[in-house]
Amino acid sequence: MGANTETIELPVGECTVTRKGTGPQLLLLHGGGGSIADHPVTDKLAEKFEIIAPTHPGFNGTKVPDHFDGMPELVLFYLDVLDALKIDNAVLMGISMGGWLAAELASINCTRFSKVILVDAVGVKVGGPTDRDIVDVFGIPPEKATKLMYHDPANAPDLSTLTDEALAAVAGNRIALGLYTWEPYMHNPKLPQRLHRITAPTLLLWGESDGLVSTDYGEAYAAMIPGAKFVTIPEAGHSPYAEQTDRFVDEVFAFTD
Amino acid sequence: MRTYWFTEDAYPDLPPEEEYESIRVNLPNSNFDPERGHELYNWYLDMWCMAESYGLDIMNNEHHQTATCMVPAAPLMLSILARETSKARLLILGNPISNRRNPIRVAEEMALIDVISKGRLECGFVRGVPYEAAPANRTALRGSQRLWEAHDMIMKAWTTHDGPFNYEGRWFHGRQINIWPRPYQQPAPPVWITMGGRSSTTPVAKNKYVGAVFLAGYPRIREIFDGYREDYLEMHGEHAPFDRLAYLGLVYVGETEEKAREGAEKLLWYMSANKVPGYWSNPPGYHPPQIAAQIMKGARGGSGVPLTATLDDQMARGNVFAGTPDQVYEQIKNFWEYSGGFGNMLMMGQAGFVTHEETETSMKLYSEEVFPRLKELEASTTPAEAWEKSKAMKQRDNVPLDGFALEFVR
């Protein structure tokens, strides 16, 4: 399916955006592994939607504005992105760290979004101070983190087969992920007090075997959002769109019908 | 020429290496016996006092959550030494101000040590090694920028004497800053900054601070020292004096070559015990993507491979100087001339299982038979001459950099 990628200038910084398909808007916010605009799942989603997939600054070799220190800057940056992309009545889908970003955006102002889908999202703390709700991906070997992400570890990409250039890209995305998630780690302690503002129908879609953020975490997260549905996808880990692409798309289509 | 005696205060009594994943960050502190710790802390303090009695100055540092260095608060050790010694310069290299939450606390602690010691503080500021990011829970990204902002705030705190000022920077904020005490040395204690590459020399040279380089060896020393000297000459219109540059190497002097090699092999514990998996060496934002990728690659064959360059390799690199007094003098002289000269030798003279007796033997031989000749060497030439002589020497870059250099040279 034809995709169109461009870099748009914003009042502060710039943003690379890939568009694909026609139909209602689906704003796709990627996770810590970088843009998934090339992933086959987007072709399937594009059968029903216009997929609008921005790349968060710093991922995939894109520039980071100098003033960025973490997620708060990214959230405010996206207010400009929403304006520039004329996002209106869009399905908002965020995956992992992108799910955190989606929850932040929807809880600031939900009027631009028809529905919200959070996929294996981070962003809140559900346990006590000494509960490790979210695996510290910077405190374990990268290959182990990759394996925890998959229901079937054989589906995990093998870092040892990557070219130097591809590995540098992985390292670059890891730096960007660190920028947005280092402290407080992968969450905003103030976000739960704002989640009631998500007024659009919301689905939390979770890989049943997610080794980074468990389904218990997902359920507790869903309970913080009024009326949110919680649905798991069997035989899938942290990236259900990759391990169970068809099932994932079916769930998205069913929720957005 | 000054020589600063340095030990990193190791806790060397570890289980067999195959039984733990990392000596840093996540080695459980059940491995630390407080009784043994008590002995070691007091031994290290005695060692620094002994260094003073041999006419050497004192250098200490800090790390966190690691058996490589038992001191998580260098100012505490230095404050004891401020009281226990009376002549030695007291170098802290350094305060990890990129990771410190409050630079004003650092300004206060350093001023206090300076006053107690009657102006003997030499105050280093460092970004900190990558393994510090996790213990500090501080992002490694933009660490160098944070270092310089914290530095600006500390300098302003040290040099403001007419009541409160405000400092409202990007990362650090204070509205009523007015430290008590102020430093003994006026306008401020001498400042040292570590330099890891050509890109880090400019602000150090601009401020005429002492630029310190750790274990860069022959492969990289001239890139860094030359960078500093070029910047200094360009910005100040004169050659950088020798005392503006410092080099840290491992030094062991023995009565015979055989005994010296034995001692030096024990010193290599500092490198060989540094079993650290790649992910602690590689917090996001510490290294640029290409270097971060190399470290990820290094971890491919299984994590935690110790750094096992042999003594001869480490000596060839200029990381270790070991032998009889004559040999050590020759080795340091060669490196000194190659590097273009420096006025501060940072002597890592004890590590791992080097005993009290071995430590004193080496310290005594160095201070009595090597150090005086190094002073003569420095006095025999000028910075301009030494630099010219260095430029005429062929680059010795046949010694490959390994993971150790990637992680430690900063």
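This passage describes the interface between chain B and chain A, and then the cysteines of chain B, in a predicted model.

The size of an interface is often given as the accessible area lost when the parts come together. For chain B and chain A this buried area amounts to about 2100 Å², of which 58% lies on carbon and sulfur atoms. In terms of residues, 26 from chain B are in contact with 27 from chain A.

Four salt bridges are found across the interface of chain B and chain A, and one of the salt bridges in the model joins the side chains of Arg170(B) and Asp69(A), with a distance of 2.7 Å from N to O. Polar contacts between chain B and chain A are counted for 11 residue pairs, with both residues at pLDDT 80 or more. On the side of chain B that touches chain A, at least two residues are supplied by each of helix H4 (133-136), helix H10 (278-281) and helix H11 (289-298); the largest share, six residues, comes from H11(B). By residue class, this side of chain B comprises 14 nonpolar, six polar and six charged residues.

A disulfide is a covalent bond between the sulfur atoms of two cysteines. Cys69(B) takes part in no disulfide, since its nearest cysteine sulfur, that of Cys123(B), is 17 Å away, whereas a pair must lie within 2.5 Å to be counted. Cys69(B) counts as buried because its relative accessibility is 2%, which is under the 20% cut-off. Cys123(B) is likewise in no disulfide, its nearest cysteine sulfur being that of Cys69(B), and Cys123(B) counts as buried because its relative accessibility is 0%.

Notes: Residues numbered from 1 in each chain as written. Chains lettered and ligands numbered in written order. Predicted model: local features only at pLDDT ≥ 70, side-chain atom pairs only at ≥ 80, totals over all residues. Heavy atoms only, no water. Contact = heavy atoms within 4.5 Å. Buried area = accessible area lost by both parts, 1.4 Å probe. Polar contact = N/O pair within 3.5 Å; in protein donor to acceptor, adjacent residues only side chain to side chain. Helix = DSSP H or I, 4+ residues; strand = E, 2+ residues; numbered from the N terminus. Nonpolar A, V, L, I, M, F, W, Y, C, P; charged D, E, K, R; others polar. Buried < 20%, exposed > 50% of the residue type's maximum accessible area, 1.4 Å probe, protein only.
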